Amino acid sequence: MMLATIALRVGRTVLSVVASAAVIVGLWYAFIKVFDLNSLVAKDPKAVWTYLFTAEKAPQSRKAILDGLWHTLGDAGIGYLAGTVAAIVVAVTFVLFRAVERALMPVAMMLRSVPLVAMIPVLTLVFGRGLTAVGVIAGIIVFFPSLVNLAFGLRSGPPAAADLVLAYGGGPATVLRKVALPSALPALFVSARIAVPGAVIGALLAEWLATGEGLGYYMQRAQQTFNYGGVWAAVVVITVASVALYAVVGFLEAIVLARYGPSAGRGR
């Protein structure tokens with residue numbers, strides 16, 4: 001039964017990804033056609049394919065983009081991990097100590113309202129232009145939505161189950177471990193899926209505006225040299241990579257929720 005549940009969840013994720021890709025490609029062609037955009041600047045999927053695979057310089061172009069991609073994915077992974085871990089720690093603290101949440105949540109929301117582009121020069125001055133700055137910038141984008149989802153998820157457990165744990169002598173930490181954390185797993189994976197594109201965007205911003213490395217810097221340089229084929233190809237490659245990572249998280253979600261989630265063992 002668990003395998004059937006996993007297969008169902010994975011199938012839904014794959015179907016969603018394929019349908020979304022088809023819609024995006026159709027809208028891409030339609031947008032260029034309807035607005036009659038100049039083909040020198042606006043590249044369609046066929047032009048991107050030519051740039052990456054059939055053009056004379058396709059091997060060199062592909063190598064430059066893939067080299068930048070691996071660097072960007074590494075940067076995004078650091079930000080993803082840092083932002084998610086920080087969100088989990090802070091969310092657990094908020095649930096255990098409501099006074100801390102009342103004091104700090106408004107501050108967190110105020111900081112979230114500041115545009116990240118405006119903060120990057122300050123963050124660069126504080127953390128430099130290396131890996132630490134990339135982790136902080138990408139982590140900030142991941143942190144705030146994850147924090148809100150996780151704090152909500154940790155409080156979504158059945159009150160009766162929490163009361164039962166307390167009645168048998170358990171404390172707040174036991175309630176958190178036995179009731180809140182299993183109930184928060186769906187919210188955790190929602191946050192994880194949302195955080196994938198957020199971490200990638202944060203890494204691209206950091207590379208574009210701070211480090212001068214990775215696919216973000218490649219896109220900036222390609223735009224400045226009027227290499228619009230390179231810009232569009234880089235956008236497609238990083239988008240495909242983000243979708244693939246999103247699907248991987250969805251696959252892990254299917255496995256974990258089927259085994260440990262609130263509905264585990266109920267035949268769904």
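The structure is a predicted model, and its chain has 10 helices and zero strands. Side chains of opposite charge can pair when their charged atoms come close.

**Overall architecture**
- The C-alpha atoms fill a box of roughly 70 × 50 × 30 Å along the principal axes.
- Of the 268 residues in the chain, 39% are buried.
- Among contacts with a separation of 6 or more, 72% join residues 24 or more positions apart.

**Surface and charge**
- The accessible surface of the chain is about 15,200 Å², and carbon and sulfur atoms contribute 72% of that area.
- The chain carries 20 positive and 10 negative charges, whose mean positions lie 10 Å apart.

- Glu 101 pairs with Arg 98 in a salt bridge, with 3.3 Å between the closest N and O atoms.
- Both residues belong to helix 4 (residues 98-112) and are three residues apart, about one turn of the helix.
- Glu 101 counts as buried because its relative accessibility is 14%, under the 20% limit.
- Arg 98, at 45% relative accessibility, counts as partly exposed.
- Glu 101 also forms a salt bridge with Arg 155, at 2.3 Å from N to O.
- This pair links distant parts of the chain, 54 residues apart: Glu 101 is in helix 4, whereas Arg 155 is in the loop between helix 6 (131-154) and helix 7 (159-167).
- Arg 155 is partly exposed, with a relative accessible area of 34%.

**The bridge between helices 8 and 10**
- Glu 253 and Arg 193 form a salt bridge at 2.8 Å, N to O.
- Glu 253 lies in helix 10 (residues 228-260) and Arg 193 in helix 8 (residues 172-211), 60 residues apart.
- Both Glu 253 and Arg 193 are buried.

Methods:
Residues are numbered from 1 along each chain as its sequence is written. This is a predicted model: local features need pLDDT of at least 70, side-chain atom pairs count only at pLDDT 80 or more; totals for chains, interfaces and linings use all residues. Side-chain values use heavy atoms; hydrogens and water are left out. Helices (H or I, at least four residues) and strands (E, at least two) are DSSP runs, numbered from the N terminus. Buried means under 20% relative accessible area, exposed over 50%, partly exposed in between (1.4 Å probe, protein chains only). Contact means heavy atoms within 4.5 Å. Accessible areas come from the Shrake-Rupley method with a 1.4 Å probe; for residues, only the protein chains shown count as cover. Lys and Arg count as positive and Asp and Glu as negative; His and the chain ends are not counted. The place of a charge is taken as NZ of Lys, CZ of Arg, CG of Asp or CD of Glu. A salt bridge is a side-chain nitrogen of Lys or Arg within 4 Å of a carboxyl oxygen of Asp or Glu.
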